[in-house]
Amino acid sequence: MSDAKTYGPGVQKYVEEAKTLCRERDAQLALAKQWKFDTIAVHGLYSLEEAYKRNQGAIIEPLYLSTSQSYRDSDELEAALAYLIPTWCYTRIANPTTYYLEWALALLEGYRTGGDTSCCVTASGMAAIAQSIDPFLVKQKDGEKINFVSCIQVYGGTFQLFNIRRGQERGIDVRWVVHPEDIESWKARIDENTRFVYMEAPSNPQQSFCDIKAVADLAHQWGIPFIVDATCATPALMRPIAHGADIVVHSLTKSITAGGMAIGGALISRRPITTKIVNDHPLFKASFAEYVKFLPYRDNGPAASPVNAMFALNDLRTLRSRMDLVSRNCQTVAEWLKTQSKVYQVDYLGLPGDRLHGLAKGYMKLVDSDDGAGLPLNRYGHLMSFRVDGPPANARKVFDGFKMIYRATDLGRIKSVATIPAISTHQQQGEEARRMADVPPQLIRLCVGAEDPSDVIADLEQALKAL
Ligand SMILES: *Cc1c(COP(=O)(O)O)cnc(C)c1O
């Protein structure tokens, strides 16, 4: 919010009035910060007081479909549009339903990280990623050739955004790290013109991973932010901000909205972030997600639909127990696949033999869990991949034989879903980039749902028998 002093007395009156509302929200925020993860996921910032005072006692957050908010007079309008008072004014800028989702996500991603966070919800995961990187890709002086460093094991859409839209179309130097688990590969690519460092962990579909704390420390030595796409982990299994990351992005479309009825994204930032960018706006560094929300997001227009925000909010309530269940199911299925002679490779961070298991073990932990000895339980999410012996036609044959597992370019669902990334999500990036990212046509990506795992195994078994 900006300084109210330059405004007339009518505007000031609304600023005064809004102070009560802000106090109530701060009190609710302070209370929510004391809660456990599940309680925050269930309630967020929507309180009994909110229900009684403003929402006719409704126990579920209201869904405001209205495109815009009407003001009592010109003074309130002026105060609102100058961001002097909490307001939503127009759904491209803000919306009450989306607001509850933003706060729930900010609190969950910031849970027990020791710091404060803010969040901006977007229409899709890709929109969140674009909003998270673009503010750093501005020229600061003439003639400079700016770059950023990213692991190459990124979601296919992210690869296109980085490589084509930002690299080829805008001339930004995209520097790929092929072995993100090796800190030396990051060191070798960062220089004074690097604007940020980007990681997807665990990556979709290869299950790539990095030492988050080490990469965050390295980025900070260069005065730049570390952005992590933690879609596959969700805050129930990993909160990168606790390990030094500055910005976390999610495709809410996936495990967070497991019901599969809405597309959405989120950008969550720690307060403050590390950056060398000179930007006059005080929120740029202090509360990056809010900066994005108030300015570039308002101008670029990637706002989420409030209906989609409601679906996300609804599924979010059970995130922790759901991620526990689907992770355990995936573990069972991955262990079974590992014993199959027609499967030559299984990639799942939860497998003790996985080359990145030791690294992931230090980070992927079910929040608020206890193994009986006071330690949290390791959980690795529900995305895995396996490779079928022989030519790519064999993988297609197995894939085509599924009778219960859905064939779709989707993941994170409550239902098991599989795809062949080389011909779907990673088709556009071409063979060379697929080879570098290790996405061969023999690879089937499987996201295990909440079915009984024995039924998922039975489906896989009958499909593998076709070979
Ligand atoms: C799906 C996905 C995205 C893109 O999200 P959309 O909501 O589809 O735009 C980004 N990152 C990862 C890891 C994903 O799986």
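Student: How many salt bridges does the rule find across the interface of domain 1 and domain 2?

Tutor: Side chains of opposite charge can pair when their charged atoms come close. The rule asks for a side-chain nitrogen of Lys or Arg within 4 Å of a carboxyl oxygen of Asp or Glu. Across this interface it finds 1 salt bridge. Before going on, note that this is a predicted model, in which local features need pLDDT of at least 70 and side-chain atom pairs count only at pLDDT 80 or more, while totals for chains, interfaces and linings use all residues. Residues are numbered from 1 along each chain as its sequence is written, and side-chain values use heavy atoms, with hydrogens and water left out.

Student: Which domains does the assignment give?

Tutor: Domain bounds come from an automatic or database domain assignment. For the protein chain it gives domain 1 (1-90), domain 2 (91-316) and domain 3 (319-464). Between the C-alpha centres of domain 1 and domain 2 there are 26 Å. Their contact (heavy atoms within 4.5 Å) takes 28 residues from domain 1 and 25 residues from domain 2.

Student: What area is buried between domain 1 and domain 2?

Tutor: Buried area is the accessible area (1.4 Å probe) that two parts lose on being put together, summed over both. Here the value is about 2500 Å², with 68% given by carbon and sulfur atoms. On the side of domain 1, the residues that lose the most area to domain 2 are Phe37, Tyr83 and Tyr90, together 28% of what that side buries.

Student: How many residue pairs are in polar contact across that interface?

Tutor: A polar contact is a pair of N or O atoms within 3.5 Å; within protein, one must be able to donate a hydrogen and the other to accept it, and residues adjacent in sequence count only if both atoms are side-chain atoms. The rule finds 13 such residue pairs between domain 1 and domain 2, both residues at pLDDT 80 or more. As for helices, α1 (9-34) and α2 (37-43) each supply at least two residues of the side of domain 1 that touches domain 2. The largest share of that side, 5 residues, comes from α1. Helices (H or I, at least four residues) and strands (E, at least two) are DSSP runs, numbered from the N terminus.

Student: Which residues come nearest to the ligand?

Tutor: A residue counts as near if one of its heavy atoms lies within 4 Å of the molecule. There are 13 residues around the ligand, and Gly125, Asp229, Ser251, Thr253 and Lys254 come nearest. A polar side-chain atom of Asp229 is 2.6 Å from a ligand nitrogen atom. The side chain of Thr253 has an N or O atom 2.6 Å from an oxygen atom of the ligand. For the side chain of Asn204, the distance to a ligand oxygen atom is 3.1 Å.

Student: Which parts does the salt bridge of Lys293 and Glu102 tie together?

Tutor: In this salt bridge the closest N and O atoms are 3.2 Å apart. Lys293 lies in helix α12 (residues 288-294) and Glu102 in helix α5 (residues 96-109), so the pair ties together parts that are 191 residues apart in sequence. A search of the whole structure finds 28 salt bridges.

Student: Where does the backbone call for a second look?

Tutor: Most residues other than glycine have a negative phi, and most peptide bonds are trans. The peptide bond from Ala201 to Pro202 is cis, with omega near -15°. Pro202 is in the loop between β4 (194-200) and α9 (212-221). Gln207 also lies in the loop between β4 and α9, and its phi is positive, near 65°. From Arg271 to Pro272 the peptide bond is cis, with omega near -5°.
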